[in-house]
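Q: Could you take me through one part of this structure up close? I'd like to see how it sits among its surroundings.

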Amino acid sequence: MSHEATLHGHELHEHHDTFLTKYVFSQDHKMIAKQFLITGMVWAVLGGLMSVLFRLQLGYPDASFPWLESILGKWAKGGQITPEAYYALVTTHGTVLVFFVLTAGLSGTFANFLIPLQVGARDMASPFMNMLSYWFFLAASVVMLSSMFVETGPFSGGWTAYPPLSALGDASPGSKTGMDLWIIAMALFVVSSLLGGLNYIATILNMRTKGMSMTRLPLTIWALFFTAVLGVLSFPVLLSGLILLIFDRNFGTSFYLSDIFVNGVGALSNEGGSAILYQHLFWFLGHPEVYIILLPAMGMVSEIMSINSRKPIFGYMAMLGSLFAIAALAFLVWAHHMFVTGLNPFLGSIFVLLTLLIAVPSAIKVFNWLTTLWRGNIRFTPAMLFAIGFVSLFISGGLTGIWLGNAALDIHLHDTYFVIAHFHIVMGVASMFGMFAGVYHWFPKMYGRYLNNSLGYIHFWVTMAGAYLIFWPMHYEGLAGMPRRYFDFSIWESFKQFAELNRFISTVSMIVFAVQILFLINFFYSIFKGRKVTTTNPWEANTLEWTTPINPGHGNWPGEIPEVHRWAYDYGKDGKDFIPQDVPVGADESSH
Amino acid sequence: MSNVTTASSEAKWWGGGKSPFDVEYGKVMMWYFLMSDAFTFGAFLISYGTVRFSTNGWPDPNKVFKSFPFAPEGVNAPLVFVSIMTFILIVSSVTMVLAVHAGKMMDKKGVVRNMIWTIIGGIAFLSCQAWEWNHLHHEGAWWGVNPFMNADGTASSTNFTNFFFTITGFHGFHVFSGVVINIIMLIMTLMNKFEERGHYLMIEKAGLYWHFVDLVWVFVFTCFYLL
């Protein structure tokens, strides 16, 4: 039985799809992508709201907001967020944004949506596993969400969940049931990521259409490929770490615990465990995770920049090589998160070297993006603006990475607001920009309608200015030694100078959050009422997804899958503005 | 169920389908899954190494693993039982190879016979492990409790039993899932599923998993019984 026949069967049956099979238990990669996107957006709103709440505390440490108590109850006694609630908020904000939004929401959405469409496949290699991947993600989401409603609150020891705070149930209120649920949610998340990742890899390697050689793949696909490989090889180490943590919490083992002294309890009976071991296991995932978040954004930015500059991407092979270099180095730099743990200074110096090496492929990529823009016929669509914004943030945040990657400087900067500023700019906000760019760019393919451009421009400029206004001042606070994760700075003489600055940051963060609501309105309004797409190729792009009908059904192409004859970047070639990948190469023409 | 068009004569360019490794997607997935799982076990064993080398002393495996089922109490048969366990598991890998080979020859009978032997081997290994765990538990060993002395006669930390039960347990769980997979494969073979498809690729993929689980045991065995 050929695949072709199966899929024609699918199309015939499409009209009989019930609501459940079409929207809930769908095995169509496009629908699964939308499920990931919407779930990710729900988490982004929740995670963003949490940041607004703890910024409220940091900006107005002495004020009382009675309305807070009416929403949060005992977590905001007397209208002020309690320290426990504050720590729960920052922890959940971190976990949710890193894993649920920027991992599942970003690569879950765009790997699912773009891989089959851009490589020329009817669907993922295993649509069923793909569906399972989403359902495991949703299960993880439900468990994580439920941890916020247990009596002792969600886990509150930081998103890295370092022991002993995470290993000892009595360490803090959040270390009780909240932590158990956190571990379960993360374990489910690892399964989801594994199922998704295997599928992405197999689809990219095996399901490409005729003529689509590896070096004709759009850079989005290459980026998503390396993302999937990183995820498949790094998440299992987190899983091992979490399994050992479960045993420490519930079965009296001492993997991470030793005979430390606990106030009011005395020395623990544990013996010989190492809390640093957990940090190694965690950061072996944690650092590749940064690139799991960043690479999909890089891929989409490359694609969107080339299309909207009407120029081929500059240095395709260099882009590919630097993606590979970043992915390989991602596994070799984890201990730069641990310079102050008592790491052997010699070992530290090796991690410094390897960390600073990442600057090379990163610089190549930045150079190539800028040269792609150079003398291009630029179309400033909202997607393009977000792509340019991504590059700006990546440069700004990347430069501070050189400071932090240096062990000697890191001793001063470690665990300060400098770190917060660095990683929010380079990976948090930048990847968010990549995600926005992707949504603005592929929205017409997802829903057959356009997002509103004017709202898009407002969204971009406020978010762009806001991102810098929020995080730029944090560099100064960090250089002055202001530590992260503190509930209240007002009692320290040395940090009183920052009270006004903190209030400013908090105000801007609320404005930026409000603008994201504007984006949500734009998104949901446009799904139903947006301007309709009237042509199959609205951006005049070369990649295969624009050869499908405006609203492609399950199976993507009604007839044969198009054959590919050239790479994805024939823009402005031979006097032609663009030549799609499925156009045969003329006799007098050469192509990649 | 090859879901691809055959490569055209235009061999220079990618013809769609099974390249670059000329394997179907399920096998690609299995290999990547095994790499992923190798990292899971790798993380466990590296954790074991880290803790072991920062711990003063470690029990002598020859003194811990010296019992044998049905033998009189106090018998001194160091590592004999675990050697038999290991032998059983390795033999089950051999029968798995024979099953895969029979599958390639489209020899249904051979597949069935060798899959049955593989399943028996897996169950035998699990039974041995169950006996060993039970025996150690009776001697007072469990997560958080270590009745054994260090090789130099000093009191031993619980790290030995903690890691032993966690890692061999995790491996045993893998063997268990392997047996379940193999039983499913056997049933599918008996139902002529693979004859209908015209190939026994599923047996090959199950085989990859089974060999991987055996390979992991070699490392687990080395870490806990030999070193």
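**A close look at one helix**

A: Let's go with helix 12 of chain A, residues 359-373. One heads-up: this is a predicted model, where local features need pLDDT of at least 70 and side-chain atom pairs count only at pLDDT 80 or more, while totals for chains, interfaces and linings use all residues. Residues are numbered from 1 along each chain as its sequence is written, and chains are lettered from A and ligands numbered from 1 in the order in which they are written.

Helices here are DSSP runs of H or I with at least four residues, numbered from the N terminus.

Which of its residues are tucked away? Pro361(A), Ser362(A), Lys365(A), Asn368(A), Trp369(A) and Thr372(A) are buried, meaning that 20 or more other C-beta atoms, placed from the backbone, lie within 10 Å of a residue's own. Look down the axis of helix 12 of chain A and these buried residues fall within an arc of 125° (going by the directions from the axis to the C-beta atoms), so they line one face of the helix.

And what covers them? The cover includes helix 9 (275-309), helix 10 (316-330) and helix 13 (382-404) of chain A. Just after helix 12 of chain A, Arg375(A) takes a positive phi of about 60°.

Stepping back, 55% of the 592 residues of chain A count as buried.

Key
Helices (H or I, at least four residues) and strands (E, at least two) are DSSP runs, numbered from the N terminus. The expected span of a helix is 1.5 Å times one less than its number of residues. A residue is buried if 20 or more other C-beta atoms lie within 10 Å of its own, exposed if 12 or fewer, and partly exposed in between; C-beta atoms are placed from the backbone. Two residues are in contact if their C-beta atoms, placed from the backbone, lie within 7 Å.
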